[in-house]
Amino acid sequence: MEKPVRFPDVMLLAAGHGMRLRPLTETIPKPLVPVLGVPLIERVMAVARHEGATRFVANAHYRADQLLAHFGGLLKVNREPELLETGGGVKAALPMLVSDPFFVMNTDVFWLPGADRPLSRMLARRQTDAQIVLLCVQPGRATGFARSHDFCLDPHGRVTRDWGAPVIYAGVALLGKDHFAETPDGPFSLNLLLDKALEDENLVGVVLDTPWFHVGDVGALAETERILSA
């Protein structure tokens, strides 16, 4: 009997200072900021667990001790003596990640568990190891996002700069360890990998089919809580 394929590991980006969420983040790290009593990072993990995720790794820098204490050793955490940004943070944690490919998830964005299964569709969408799959959301379904859009999605599901339907990057990417082979040591943005995949026509997208919440500042937090309480 064939052994079932294990769901990919999830890398949680949890190292930032969360300056725009002050004064809340003066005493706690951004991933622990509660949304209706539930910390942001717990909401992100809940949507991944709903689709089958069982193994999580996070990076930590600002108030890292609080993040470690919150999980009591139940979450693998790579502590960064200096902030490595999104790309550098993932690269430093690669030895902790077992699966290849794996998901990278921001910890200030989420949707409601059970409302959609986009991670499974992202896995199905990835056709080659060279591809990076992004979760995208239509602007009309986004709360807490100031810009009009990040990318466009053409009729074939390819991410472009300016051709197709406008979409927002929803803070989830599916990629492989080989994508980091030629990246610099130290801090760098995950955008470095996305830009290269876009240039090589290896950046594809899956659209989230449910409302999406970006809790990047105190105004977005208040609006998200208002909507979820309605």
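Contact here means heavy atoms within 4.5 Å. The model is predicted: local features need pLDDT of at least 70, side-chain atom pairs count only at pLDDT 80 or more, and totals for chains, interfaces and linings use all residues. Residues are numbered from 1 along each chain as its sequence is written, and side-chain values use heavy atoms, with hydrogens and water left out.

Setting aside neighbours within four places in sequence, Asp108 is in contact with Lys30, Leu40, Phe213, His214 and Val215. Asp108 sits in the loop between strand S6 (102-106) and S7; helices (H or I, at least four residues) and strands (E, at least two) are DSSP runs, numbered from the N terminus. Its relative accessible area is 10%, so Asp108 counts as buried (buried is under 20%, exposed over 50%, partly exposed in between, with a 1.4 Å probe and protein chains only). The side chain of Asp108 makes a polar contact with the side chain of Lys30 at 3.1 Å. A polar contact is a pair of N or O atoms within 3.5 Å; within protein, one must be able to donate a hydrogen and the other to accept it, and residues adjacent in sequence count only if both atoms are side-chain atoms.

Asp116 lies in the loop between strand S7 (109-110) and helix H4 (118-125). Asp116 is also buried, with a relative accessible area of 12%. Its side chain makes a polar contact with the side chain of Arg121 at 2.4 Å, and reaches the backbone nitrogen of Asp209 at 2.8 Å. Beyond four places in sequence, the contacts of Asp116 include Glu51, Trp111, Val207 and Thr210.

The largest pocket holds about 1,000 Å³ of space. Of its 38 lining residues, the closest to the centre are Lys30, Thr86, Asn106, Asp108 and His214. On a 1 Å grid over the protein atoms alone, a cavity is a set of points where a 1.4 Å probe fits but cannot get out, and a pocket is an open set with protein on both sides within 12 Å along at least five of seven lines; lining residues have an atom within 4 Å of a point. Grid points are joined across faces, edges and corners, and a volume is the space filled by probe spheres set on the points. The largest share of this lining, three residues, comes from H5. By class, the lining has 15 nonpolar, 13 polar and ten charged residues.

The second largest pocket holds about 290 Å³. Of its 13 lining residues, Asp178, His179, Glu182, Leu193 and Lys196 are the closest to its centre.

## Backbone features

Two peptide bonds are cis, and two residues other than glycine have positive phi.

| Feature | Angle | Loop |
|---|---|---|
| Arg22 to Pro23, cis | omega near 10° | Pro23: between strand S1 (10-13) and strand S2 (34-35) |
| Asp100 to Pro101, cis | omega near 15° | Pro101: between H3 and S6 |
| Leu36, positive phi | about 50° | between S2 and strand S3 (38-39) |

Leu36 is partly exposed, at 40% relative accessibility, whereas Glu201 is exposed, at 63%.

Technical notes
Nonpolar A, V, L, I, M, F, W, Y, C, P; charged D, E, K, R; others polar.
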